[in-house]
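Let's look at a protein together and learn how to read its helices and cores. Have the sequence and the 3D view open.

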Amino acid sequence: MGTIRTVLLTLATLGIAAVVAGAAVVYGGLYDVAATEQHLQPVFSVMETAMRQSVRLRARRIEPPALDDPSLLVRGAACFRDKCVQCHGAPGVAQSDIGKSMQPLPGPLVDARQHWRARELYWVTKHGIRMSGMPAWEFRLSEKELWAVVAFLQRLPDLTPAQYTQATAMTVLAAGGALTPVGDQLPCGRAEGASASAPARGGDVARGKKALYQYACSACHTIPGVTGSQPHVGPPLTGIAKRARIGGKLDNTPDNMVRWLRHTRDVDPLTAMPDMGVSEQDAQDIAAYLATLD
């Protein structure tokens, strides 16, 4: 009995010591968070392994569509050009300064199909990777565009630099200097995707909560239920459902909340709140969640 008590006391002491040491590192500022320094190799390896296993577990039941449709590849090339090459580079194209300066480094995707299955690439593109800089594109790209990116990644290793340039080329119109796609290649994004014209359904509270941080609302507002760092840029949204007015301009109704979220500066040209490019459906979902904050 004495041996068991000694073991338990030893484990408790070690646990307390670990907590104290962790607190000293955190509150003493001892951990260097600078992106000019790399993670230690053991830390990097553990994080990479955890990431790969997490993606494989969550993507295991996803069924990919046919990915050899030429129109899908064209769309995927546009999406890769607009959303991916800046951090990951491409055949004959270096990463931008942002991509080269991140830690962990976002590696090239020319070998992605050797490391990931199509369903896993889709999951990563849609959901992103927390604390890595890899964004979630669920609220920026349509389902078709997400799969188009995957389709293009399947072909990327086979492209020469010249072929990549041709696949993603754009020309500039002399009139007004507006960018015009070559052929039928369009700029990538939900505003141009087929889903943009789909009729909006009713608001989804759970999805609205997710949309609030995907549209960076929590960067300026303290929002109940949404993780943030207590910003003081915009007013806190606690109790917003009980407020009589939205932005001091509109009666607080669900329809007016959607209008405010989508056309902020049309409602109030003097507001510091920018238009965030919120889609009709996403605005309805956000409004549904905000209506619960009473």
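Q: Which exposed residues sit on the face of H2 turned away from its buried side?

A: Pro-42 and Val-46. Exposed means over 50% relative accessible area, buried under 20%, and partly exposed in between (1.4 Å probe, protein chains only). Helices are DSSP runs (H or I, at least four residues), numbered from the N terminus. Before going on: this is a predicted model, where local features need pLDDT of at least 70, side-chain atom pairs count only at pLDDT 80 or more, and totals for chains, interfaces and linings use all residues. Residues are numbered from 1 along each chain as its sequence is written, and side-chain values use heavy atoms, with hydrogens and water left out.

Q: Which residues of H2 are buried, and why do they line one face of the helix?

A: An α-helix has 3.6 residues a turn, so residues three or four places apart point the same way. Here, Arg-52, Val-55 and Ala-59 are the buried ones. Seen down the axis of H2, they fall within an arc of 65 degrees (taken from the directions from the helix axis to the C-beta atoms), so they line one face.

Q: What do the buried residues of H2 pack against?

A: Helix H5 (112–115) and H6. Contact means heavy atoms within 4.5 Å.

Q: Which residues touch the most other members of the largest nonpolar core?

A: In soluble globular proteins, nonpolar side chains tend to be buried together. A nonpolar core is a set of buried Ala, Val, Leu, Ile, Met, Phe, Trp, Tyr and Cys residues joined through side-chain atoms within 4.5 Å. In this 35-residue core, they are Phe-80, Leu-156 and Tyr-164. H7 gives the most to this core, with eight residues.

Methods
Helix = DSSP H or I, 4+ residues; strand = E, 2+ residues; numbered from the N terminus.
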